[in-house]
Amino acid sequence: METYHQDDVSPHMSFLEMLDVLNERLAQKGEEPIAFDHDCREGICGACSLVIDGRAHGPERETTVCQLHMRHYHDGDTIYVEPWRANAFPVVKDLVCDRSAFDRIIAAGGFITAHTGSSPDANAIPIPKEDAERAMDTAACIGCGACVAACPNAAAMLFVGAKISHLGLLPQGSPERERRAIAMVEAMDSEGFGNCTNHFECEAACPKGISVESIARMNRDFLRSSLTPRSS
Ligand code: SF4
Ligand code: FES
């Protein structure tokens with residue numbers, strides 16, 4: 001751990017802006033800035049990945065680090081900032097970790113096969129409202145990895161469950177539903193993520209409020225796929 005003192009933090013700054021100012025000061029002094037990940041700064045890309053005072057994405061519920069503001073802290077506070085910690089997310093430098101394991105899980109099955117071309121008519125495939133809403137709830141996952149960082153087993157089941165639910169709840173994603181569950185769960189295991197033991201820390205840390213119901217859906221799809229004979 002390195003200690004840095006900052007004496008003019010505005011309560012209106014976001015957490016990342018506070019780090020920007022710190023890095024500018026370090027650069028002016030000829031010191032190396034702190035490496036940290038960020039992109040959209042709007043809570044939608046999932047890049048900002050910091051454990052703040054022991055909590056993935058910090059103290060505010062359903063808030064990414066980029067949406068966390070310094071008004072939640074007091075003058076004189078000491079704040080501990082760490083990268084995500086999980087074997088499957090190796091630390092690259094300082095606060096940056098490599099989350100490409102998530103990309104490989106998505107590549108294994110997190111897609112649908114559909115003809116490209118112009119977009120189909122919106123009403124061509126009627127979808128019950130309840131299904132559409134549940135699919136959209138899980139589609140809110142931004143792939144940040146906080147669920148992994150918060151889980152004592154470093155499990156990625158909330159992330160994988162969200163992706164499997166989002167696609168499998170809609171008719172467009174149904175043809176590959178069973179193959180997808182097997183492929184994504186196998187990819188998750190081969191990347192070295194742990195298994196769920198029902199701590200539910202993932203749900204508490206998720207900035208998008210993804211429910212652990214997604215994990216149950218993933219387990220059901222995986223079990224059904226495992227019991228269904230597959231043509232070679
Ligand atoms: S399930 Fe939540 S915590 Fe996990 S990757 Fe998706 S948005 Fe992040
Ligand atoms: S920087 Fe994109 S979600 Fe935080």
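Reader: Is Phe102 buried or exposed?
Author: This is a predicted model, and the values below are computed from it. Buried means under 20% relative accessible area. Phe102 has a relative accessible area of 3%, so Phe102 is buried.

Reader: What is the class of the aromatic pair that Phe102 and Phe193 form?
Author: The ring centres of Phe102 and Phe193 are 5.9 Å apart, and the angle between the planes is 40°. Planes under 30 degrees apart count as stacked and those over 60 as edge-to-face, with the rest as tilted, so an angle between these limits gives the third class. The pair of Phe102 and Phe193 is tilted.

Reader: How many residues apart are Phe102 and Phe193?
Author: Phe102 belongs to helix H2, residues 100-109. Phe193 is in the loop between helix H6 (177-190) and helix H7 (201-205). The pair links distant parts of the chain, with a separation of 91 residues.

Reader: Is Phe193 buried or exposed?
Author: The limit for buried is under 20% relative accessible area. Phe193 has a relative accessibility of 6%, so Phe193 counts as buried.

Reader: Which residues form one aromatic cluster with Phe102 and Phe193?
Author: The cluster contains the pair already discussed, Phe102 and Phe193.

Reader: How many aromatic pairs are found in the whole structure, and what is the class of the pair of Phe15 and Tyr73?
Author: A search of the whole structure gives 5 aromatic pairs. In the pair of Phe15 and Tyr73, the ring centres are 6.1 Å apart and the planes are at 55°, so the class is tilted.

Reader: Where in the chain are Phe15 and Tyr73, and how many residues apart are they?
Author: Phe15 is in helix H1, residues 15-28. Tyr73 is in the loop between S2 and S3. This pair too links distant parts of the chain, and the two residues are 58 residues apart.

Reader: What are the relative accessible areas of Phe15 and Tyr73?
Author: Tyr73 counts as buried because its relative accessibility is 13%. Phe15 is also buried, and its relative accessible area is 0%.

Reader: Where is Thr63, and which residues does Thr63 touch?
Author: Thr63 is in the loop between strand S2 (55-56) and strand S3 (81-83). With a relative accessible area of 17%, Thr63 is buried. A polar atom of its side chain lies 2.8 Å from the backbone oxygen of Arg61. Leaving out residues up to four places away in sequence, Thr63 touches His57, Leu68 and Pro207.

Reader: What is the phi of His57?
Author: His57 is in the loop between S2 and S3. His57 is buried, with a relative accessible area of 0%. Although His57 is not a glycine, its phi is positive, at about 70°.

Reader: Arg41 also has a positive phi. What is its relative accessible area?
Author: Arg41 is in the loop between H1 and strand S1 (50-52). Its phi is about 55°, although Arg41 is not a glycine. Arg41 is partly exposed, and its relative accessible area is 25%.

Reader: How many cavities of 30 Å³ or more does the structure hold, and which residues lie nearest the centre of the largest cavity?
Author: The structure holds 3 such cavities. The largest cavity has about 100 Å³ of space. Of its 15 lining residues, those nearest the centre are Cys151, Ala155, Cys196, Phe200 and Cys202.

Reader: How does the lining of the largest cavity divide by class?
Author: Helix H5 (157-168) and H7 each supply at least two residues of this lining. By class, the lining has 10 nonpolar, 4 polar and 1 charged residues.

Reader: What is the volume of the second largest cavity?
Author: Its lining includes Phe159 and Pro207. The volume of the second largest cavity is about 80 Å³.

Reader: Which residues lie nearest the centre of the largest pocket?
Author: The largest pocket has a volume of about 1000 Å³. H1 and S3 each supply at least two residues of its lining, which has 16 nonpolar, 7 polar and 10 charged residues. Of the 33 lining residues, those nearest the centre are Tyr4, Gln6, Met18, Ile79 and Val81.

Methods. Residues numbered from 1 in each chain as written. Chains lettered and ligands numbered in written order. Heavy atoms only, no water. Helix = DSSP H or I, 4+ residues; strand = E, 2+ residues; numbered from the N terminus. Buried < 20%, exposed > 50% of the residue type's maximum accessible area, 1.4 Å probe, protein only. Polar contact = N/O pair within 3.5 Å; in protein donor to acceptor, adjacent residues only side chain to side chain. Contact = heavy atoms within 4.5 Å. Phe/Tyr/Trp six-rings, centres within 6.5 Å; stacked < 30°, edge-to-face > 60°. 1 Å grid on protein atoms, 1.4 Å probe; cavity = no way out; pocket = protein on both sides within 12 Å on 5 of 7 lines; lining within 4 Å. Points joined across faces, edges and corners; volume = space filled by probe spheres on them. Nonpolar A, V, L, I, M, F, W, Y, C, P; charged D, E, K, R; others polar.
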